[in-house]
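Please examine the sequence and structure shown below. The briefing that follows covers the surroundings of a ligand and a group of paired strands.

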Amino acid sequence: MTTEYILIVDNLWKSYGDKVAVKGVGFRVRKGEIFGLIGPNGAGKTTTLRIIATLIKPDKGAVWVKGVDAIKDPISARKHIGYLPEDAEVYPRLTGFEHLLFYARLRSPDNPEKAIEFGKKISGLGKRLFDRTSEYSKGMKRRLLIALALLSKPDLAILDEPTSGLDVYASVRVRKMIREYVTSTGSAMVISSHNMLEVEYLCDRVAFINKGVVVAEGSPRELVEKYSAENLEEAFVKAVAGR
Ligand code: ATP
């Protein structure tokens, strides 16, 4: 299996009872690339990300993370993965710094100090790290959660809706944080979003996903050109309509 790609997803299928949530999804992500999975509510983004993060098993298909078969050997694959679930929460009674300590010991047992320092830096929370998270704004909580997912510098970071529920200022800060992280570490990243503006700004390549199917894939610019669209939103609508 080639290691040029940090992530290879091939022909994933997943049903919940009668509901087929993911129908043959496949894509590849290289080192240093931010890949966006874009689609409306219920498109199958979270299911796909949860399969890649080894939290659920697909009915069919393959996932390779840095050359490791993530379905056959999830424990080895997890060593390469940092995952932020869409509904992740902080512990209100703990400070931000206590979160960093806990996660650094868990994710980087060989060198927790280094991971704590990196987590402090990327969170950008400064002295506020020593406050309880019950005193944080939504944007600060999100920045802490993303720092926790990234502090061990995983080869593959998976962020499900990283700016969900944030105002424009908080979203801009989070996007900046994500871009700086990928530039400084060369890690691969997969994010999901329904915010096309965010995706256009942040992602090197994207896959449009609708009703469990990838309907188009390419760089935001390629997709806009391919569908003779004004922007990514219009390209998405045309890609879905053309199926
Ligand atoms: P959103 O943007 O709203 O988070 P999504 O693109 O992430 O949506 P999924 O959460 O993967 O989509 O859901 C895909 C489909 O599978 C939806 O129809 C959803 O209702 C269904 N589904 C997801 N998880 C479950 C579950 N645990 N049990 C039953 N159905 C589920």
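Which residue in E9 does Phe35 stand opposite? Phe35 stands opposite Arg205 in E9. This is a predicted model, in which local features need pLDDT of at least 70 and side-chain atom pairs count only at pLDDT 80 or more, whereas totals for chains, interfaces and linings use all residues. Residues are numbered from 1 along each chain as its sequence is written, and side-chain values use heavy atoms, with hydrogens and water left out.

**Ligand surroundings**

- The shell around the ligand holds 13 residues, of which Gly42, Gly44, Lys45, Thr46 and Thr47 come nearest; a residue is near if one of its heavy atoms lies within 4 Å.
- By type, the shell divides into 4 nonpolar, 6 polar and 3 charged residues; Asp, Glu, Lys and Arg count as charged, Ala, Val, Leu, Ile, Met, Phe, Trp, Tyr, Cys and Pro as nonpolar, and the others, Gly among them, as polar.
- Strand E2 (19-30) and helix H1 (45-52) each supply at least two shell residues, and the largest share, 3 residues, comes from H1.
- Helices (H or I, at least four residues) and strands (E, at least two) are DSSP runs, numbered from the N terminus.
- Oxygen atoms of the ligand lie 2.7 Å from a backbone N or O atom of Gly42 and 3.0 Å from one of Ala43.
- In the side chain of Thr47, an N or O atom is 2.5 Å from an oxygen atom of the ligand.
- The protein covers 62% of the 640 Å² of accessible area that the ligand has on its own (Shrake-Rupley method, 1.4 Å probe).

**Strand E3 (residues 34-38)**

- 5 of the 5 residues of E3 are buried, so this strand is largely enclosed by the rest of the structure; buried means under 20% relative accessible area (1.4 Å probe, protein chains only).
- Ile34, Gly36 and Ile38 point one way and Phe35 and Leu37 the other way.
- E3 runs parallel to strand E9 (residues 205-210), joined by 4 bridges.
- E3 also runs parallel to E8, with 5 bridges; the partners in E8 include Ile191 for Gly36 and Ser193 for Ile38.

**Strand E8 (residues 188-193)**

- In E8, 6 of 6 residues are buried, with Ala188, Val190 and Ser192 on one side and Met189, Ile191 and Ser193 on the other.
- Strand E7 (residues 156-160) is joined to E8 by 5 bridges and runs parallel to it; Asp160 has Ser192 as its bridge partner.

Key:
Polar contact = N/O pair within 3.5 Å; in protein donor to acceptor, adjacent residues only side chain to side chain. Buried < 20%, exposed > 50% of the residue type's maximum accessible area, 1.4 Å probe, protein only. Pairing = 2+ DSSP bridges.
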